[in-house]
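Please examine the sequence and the structure shown below.

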Amino acid sequence: MKIFAQRAYCKEGWNQNVRITIEAGKIVQIALNSSAKDGDIRVDTLMPALANVHSHSFQRAMAGMTEYRAKGRESFWTWRDLMYRFLHRLTPDHIAPIAAQTFMEMQKVGYASVGEFHYIHNQPDGARYANPAELSEQIMAAAKTAGIGLTHLPVLYSYGGVDGRALTGGQLRFANDLGAFSDLVSRCKTAAKDVHDDTIVGIAPHSLRGSSTADIAEILSMHKDGPVHIHIAEQVKEVEDIKAALGARPVEHLLDHAPVDARWCMIHATHLTEAETTAFAKSGAVAGLCPITEANLGDGIFNGPTFLQAGGAFGLGSDSNVNISLTEELRMLEYSQRLRDRERNVLVEGEGSTGKTLYLGAAKGGAQALGRTAGRIETGALADLVAINSQDPTLCALREDQLFDGLVFAAKDTVVTDLWSAGRHQVQAGRHTAEEKITTAYRAAISDLTSDI
Ligand SMILES: [Zn+2]
């Protein structure tokens, strides 16, 4: 496959008339100042596509259901109660259509890949399915339908709190122990061979609430490579509970008790002291930031300036999928910092374009977090690519060096025309190639799911 782009971001800058050859999902040749030939796929502006580092795809189906203020104060924890009730109703037949719709929506806004942090393993009463990897396999089937690059992250979730209490009620669907988890990961690795070649299986201790320090050490000794993701410090109450039980704040504790390095992605690095922020940045781990969800749940604001100053890597996640929008996710990341600091262009060190810093930073960190050779247009990298229309009214006034700023601050996701996930050309002229099929199946699943709510 050959793509001819009027403009492409490669070799550390914008280049004109770029012809890219893709074979077996990878970029094998890049010709600058080239010319289009018959059969080339022509696009306006080509960029490395981002990885979405954190998703719970089933939560897409709950979007908009929790935005009503009931008596008392709404909080993360009441949201979580509804989420538990909702997922009690989910069957294997719902999981794949919902995930496929979610993945397709991600691709349409410019994500080539997703890290699915997957913690629903069991039947509603906690019994295992005949195939313990049944629900993971539904996620993989959805990735195959949508063609998205999948880093599947089966979750180890054993406890209902940092004190080691048992899981109860809605949490029984998540429960596993070390033995069940190990079996699940190996089944996932086998099942992944039937998806796409770029499918990756990592591991995910749920959080310091859901997994013990000893269990985390044990699964690390069993799985010596691949991505490791964990929810780390989303809520103040969580930080306080962990400090009370373990004698240290979550990031502090994890850095002291686990070999945190570039394999790791810490999701929701929201409540960190200055010292934790710097130590985290220097560990080489990626901060998995989910600005829309973190705003929606009232979590708090990431300590961006200190983290970037210490050279920290970050990626973006759509987490609850309440609104799947790459442009809004990037905007929210910067705007939350501006509102807190009452400054502008906060997430740039020294001087430079904020949009470019955010976009390319998220491209690099996101690829690292998902274990993908991507996030840049260069030979040998996976062809995770996105094309936008620079002639859209929201962008057409801008110079080339302002395009990333336009994308982040002025544009809507509809400027995305094409998207490739490891060379699979899934979005063409703004439509997903399986859009009708995926959305029809999604509507049927939702109709069944909500019929007697
Ligand atoms: Zn999450």
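**The interior, the metal site and a loop**

Leaving aside residues up to four places away in sequence, Phe103 touches Ser57, Val114, Glu116, Ile139, Ala142, Ala143, Ala146 and Ile148. This is a predicted model, and the contacts are computed from its atoms. Phe103 is also one of the residues with the most contacts inside the largest nonpolar core, together with Tyr119, Leu254, Trp264, Phe280, Phe314 and Tyr359. That core has 111 residues. Its largest share, eight residues, comes from helix H2, which covers residues 92-109. A second core, of 16 residues, is separate and includes Ala5, Ile20, Ile27 and Leu46.

The next stop is the metal site. The zinc ion is coordinated by the NE2 atoms of three residues, His54, His56 and His231, at 2.1 to 2.2 Å. Along the sequence, these donor residues follow the spacing H-x1-H-x174-H. Are His54 and His56 buried or exposed? Buried means a relative accessible area under 20%. His54 is buried because its relative accessible area is 0%, and His56 counts as buried because its relative accessibility is 4%.

The last stop is a loop. Thr270 lies between strand S11 (264-269) and helix H8 (274-283), in the loop that joins them. With a relative accessibility of 6%, Thr270 is therefore counted as buried. Apart from residues up to four places away in sequence, Thr270 touches Ala233, Glu234, Glu294, Asp299, Gly300, Ile301 and Phe302.

Definitions and conventions
Residues numbered from 1 in each chain as written. Predicted model: local features only at pLDDT ≥ 70, side-chain atom pairs only at ≥ 80, totals over all residues. Heavy atoms only, no water. Helix = DSSP H or I, 4+ residues; strand = E, 2+ residues; numbered from the N terminus. Buried < 20%, exposed > 50% of the residue type's maximum accessible area, 1.4 Å probe, protein only. Contact = heavy atoms within 4.5 Å. Donors = N, O, S within 2.8 Å, 3.2 Å for Na, K, Ca; no water. Core = buried A, V, L, I, M, F, W, Y, C linked by side-chain atoms within 4.5 Å.
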